[in-house]
Amino acid sequence: MGILEVKNVNKRFGGLQALGDVNLSVAEHSVHAIIGPNGAGKSTLLNCLIGKLIPDTGSVMFDGQSVLGRKPYQINQMGISRVFQTPEIFGDLSVLENMMIPIFAKRDGAFRMHAIESTFNEKEIVEQAEDMLESLNLADARHDHAAAMSRGNKRRLEIGMCLAQEPRLLLLDEPTAGMARADTNNTIDLLKQIKDERDITIAIIEHDMHVVFSLAERITVLAQGTPLVEDTPDKIKGHPKVREAYLGEAA
Amino acid sequence: MDNSRSNLTATTGVLGAIVAFFVVVGLLFGVEATILQTLDGLSKGSAYALIALGLTLIFGTLGVVNFAHGALFMIGAFCAVTLSRVLTLSHTVIDESKTDFLGNPSKIQVPYLYDWFGKETGDAIIDWAVPLAILFSIPIMVLVGIVMERGLIKHFYKRPHADQILVTFGLAIVLQEIIKAFYGANPIPTPAPAAFSGSFDFGAMLGFDPNVIIYPYWRIIYFAFGALLIGGVFAFLQFTTFGMVVRAGMADRETVQLLGINIDRRFTLMFGLAAAVAGLAGVMYTPINSPNYHMGMDFLVLSFVVVVVGGMGSLPGAVLAGFLLGVLEAFASMGEVLEVLPGLNQIIIFLVAIIILLTRPRGLMGRKGVMEE
Amino acid sequence: MLGLDKKDFRLLVIVVALTMLAPFLLNPFPESSGLAQFNAGYPDLMQRFVIFGIFAIGFNILFGLTGYLSFGHAAFLGVGSYAAIWMMKLVTLNVIPAIIMGVIFAGIFALAVGYISLRRSGIYFSILTLAFAQMSYALAYSVLTPITGGETGLQIKATDRPILSNLEPGEIGRANLFGMDMRTSFELGLGDWLFTFNSGYYIAAVFMILAFYLSIRIFRSPFGTMLRAVKSNQTRMYYTGLNARPYTLAAFVISGMYAGLAGGLLVAMDTQAGPERMFWTASGEVVLMTILGGVGTLIGPVLGAGAIKYMENILSKINKDILHQWFAILPDGIENFLVTIVYPFVGKGWHLTLGIIFMAVVIFLPGGLVEGGQRIARLFGRKKAKGDAEEATQSTPAE
């Protein structure tokens, strides 16, 4: 049993079958990549995992519990954190505050009326946040506006915010989309470091093969809403079906 | 495709609800009262629909929430006031044939128009000041709209909606205070031409007893004028190249710009057009309610509710909601209704708005993704 | 100090000093001088400064922190007023229970309105709050006349016999605080200056200081941080395991309670309540105050409320004769010309000045008077000024 079990998931948008009988099992402590050409249903699948969409049929279980019908914040509290294609951070807040919020969320849950104590008197939380910033090499920027950071640093911050929650599953949606080569490599290094240092499962949706083959332990190839093959990176590389899906019949 | 289908079912649903509504009120209050209230509602609804149409045009094309739109309606009304004042500009003559109470020859005011056209024609022109103001107000309103867009609104395209609301709210205050400074705080009666001042026996025409369904001519004219204007705007958007580009721009601004079309200039003109529509609604409204400086704000609050009920960014939605709420308000004002539910006429529009917004978040005909932050 | 850091504490001390010394500070001109009309140190106006200050501080907790622009906040002020006056008519003329009632009822009403309105955001939220407020106004004006007194509103009448206050037969009750009449004033004449110390003002001022202190605590708390997170990025908020809805609802109710406090205090000062307090222009006014002063800043709303109430009461009293007096030294032609130019902006036309200033602030100075102060301080770039600017920056977390 994997930590994330997707069984017979179907999703239609009008006449379009976006997902057809998707089965997927992500093993705990692994890095699992989901790849596929444009329109393969990667984003739809991801949205079904985090509560943004509800599949027409099928089940999505996380650690033995169904995620279907739960709100995104509830799914997050179950232990799934998500990194977005375009970094979603609190642009108007300082970098340190950005890092403190997920730590508060972990400690206090989805809502807590905590209106009298001063934020920065929460020494433990400040400390944890500063440690995390330190490990991301963002400590110098801690009093800056998050919106003022470079794209690469925003990405680091977002990943760090997800990690600060100590999730059991980290979902990454094309984390290097639109990035310069140097930033991409930095992100890959950061993810490798996370994989080595932390007790965490990573599921990554990616377009960039360089990223996928540097990180993934298992790869699922999605085409036209259905998983084509699932295997180790080495096997996937030479797989005829994959070549076909990506390059068309002519290849 | 899924979207258009659900839109279709929504439209049939709305139409069905409207038919059901009329059947019910017809049975409840009788056919005569139903017709009368519907007429009343339609003429009131015309004003809502016209203002809401302009608001939606501006919102749909420019993405700006214009709180100063009511002020444009008010400026239109004051165009009519101004014209009627200009037409009655007079000079003093001494009339030897009459004397005042001291026995001196009395001074009387003679409009210049008498000198130029003679008394009869002069009087006729003065009498027709309001309809004439239509011609007079169009260039003024278009100009006001363009100046507003180029001078102020343009700089707020990229700012948050809250800032747009705030700056146009400030502009609305400024505009209404300027009007107050020039015209004072009291309503200024501006009558319709004498030919239209009576009432029309609608019932007799339809074969009911005479004097059962009588209705002021001017309100019927207002409704007809509103319907014509709305039809004109839709035809303009539907059948001209200009309108086609604007509609395309409403749907996808970036793509249209990529095609090398200067969408900005068209949108500026669009703002002028929306201002003219609001202005004309104001001009024609003067005989119904004497214009005062805060009439714009009074209408704006309701028109915004109308736009939201219709669906932000949907032109047919704005028109439909305008007439719908006008009619509902008319029925809610009936004595029989107020006996059972006192005060309903005061709150019906807001009540409907709250219910619609909570059950159909995008309004009656709103599109997905508009104003959803 | 008091759970505040040094800079916030200094700001609080300044506010306390300003409100306590207001009778002096607002009366800088001698009685006999021509400038005496600019004195704002009379009880009625000073009370309005602090009461609307409370209203704006509360509004800022919602709009400044979460970015939700309510166009119907006057409804809560109105509900607070009605609750307070009924408490005084029926139970006791002591202002404290009346004010508490005002806060409670406004809070309950805000909970109901907020629960529904907050299901939408952006312009939809603004329109929903506007619709609720206009509905409340219309109902208070017409159907609910037995409760609200309709158009004339409610006053304390000779027939009102509050059960806990011992009134002589025929005596008309007066608002008091444990026996101290709200209208008691002590006048201090110093040479040509006259300073009025009014008990009602000081009671309202104490409430404002408490309200201000509480708002600093909220701004600096994790709750305040969460509210700013709501404004900044709701998507990230939800995907960080936080439910934004109860946070915004809590902010909405708190700011509604602030409005109720202001409404209760208004009643405590003048013992009357009417529906016009709920009209949407009243809701617009608190928006103007907050923006003018500096939205999202601590002190801004208080400054904005003061500025608008000052204009409303002082600028509006300037008439043509006064203008002629001012420009009397100039030659007649220029005098008349200047009077003609200036007149539309003062007296009855003060709204025009307000509208222009407001637009200018939204366009050029989105941070309001507070940002203006910072810019001026920076302009003078001296060491002292620099320190102040830093302090001001510190007090604007939502920037």
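In chain A, 6 strands make up an open sheet with mixed pairing, ordered S6-S7-S8-S3-S9-S10. Strands (E, at least two residues) and helices (H or I, at least four) are DSSP runs numbered from the N terminus, and two strands pair if DSSP finds at least two bridges between them. Strand S6 (80-83) and strand S10 (226-231) of chain A are the edges, each pairing on one side only. The model is predicted: local features need pLDDT of at least 70, side-chain atom pairs count only at pLDDT 80 or more, and totals for chains, interfaces and linings use all residues. Residues are numbered from 1 along each chain as its sequence is written, while chains are lettered from A and ligands numbered from 1 in the order in which they are written.

Strand S8 (residues 201-205) of chain A runs parallel to strand S7 (residues 169-173) of chain A, joined to it by 5 bridges. Across this pair, A:Leu170 stands opposite A:Ile202, and A:Leu171 stands opposite A:Ala203. The link from S7(A) to S8(A) passes through helix H6 (residues 181-197) of chain A in a right-handed β-α-β crossover, that is, clockwise from the first strand over the helix to the second with the strands pointing away from the viewer. Strand S3 (residues 31-35) of chain A is also parallel to S8(A), through 4 bridges; A:Ile34 has A:Ile205 as its bridge partner.

Why is S8(A) largely enclosed by the rest of the structure? Because 5 of its 5 residues are buried, meaning that 20 or more other C-beta atoms, placed from the backbone, lie within 10 Å of a residue's own. A:Thr201, A:Ala203 and A:Ile205 are buried on one side, and A:Ile202 and A:Ile204 on the other.

Elsewhere, 28 residues of chain A are in contact with 24 residues of chain C (C-beta atoms, placed from the backbone, within 7 Å). Helix H3 (95-108) of chain A is one of the contributors, and gives the most to this side of chain A, with 5 residues.

Notes
Contact = placed C-beta atoms within 7 Å. Buried ≥ 20, exposed ≤ 12 C-beta atoms within 10 Å, placed from the backbone.
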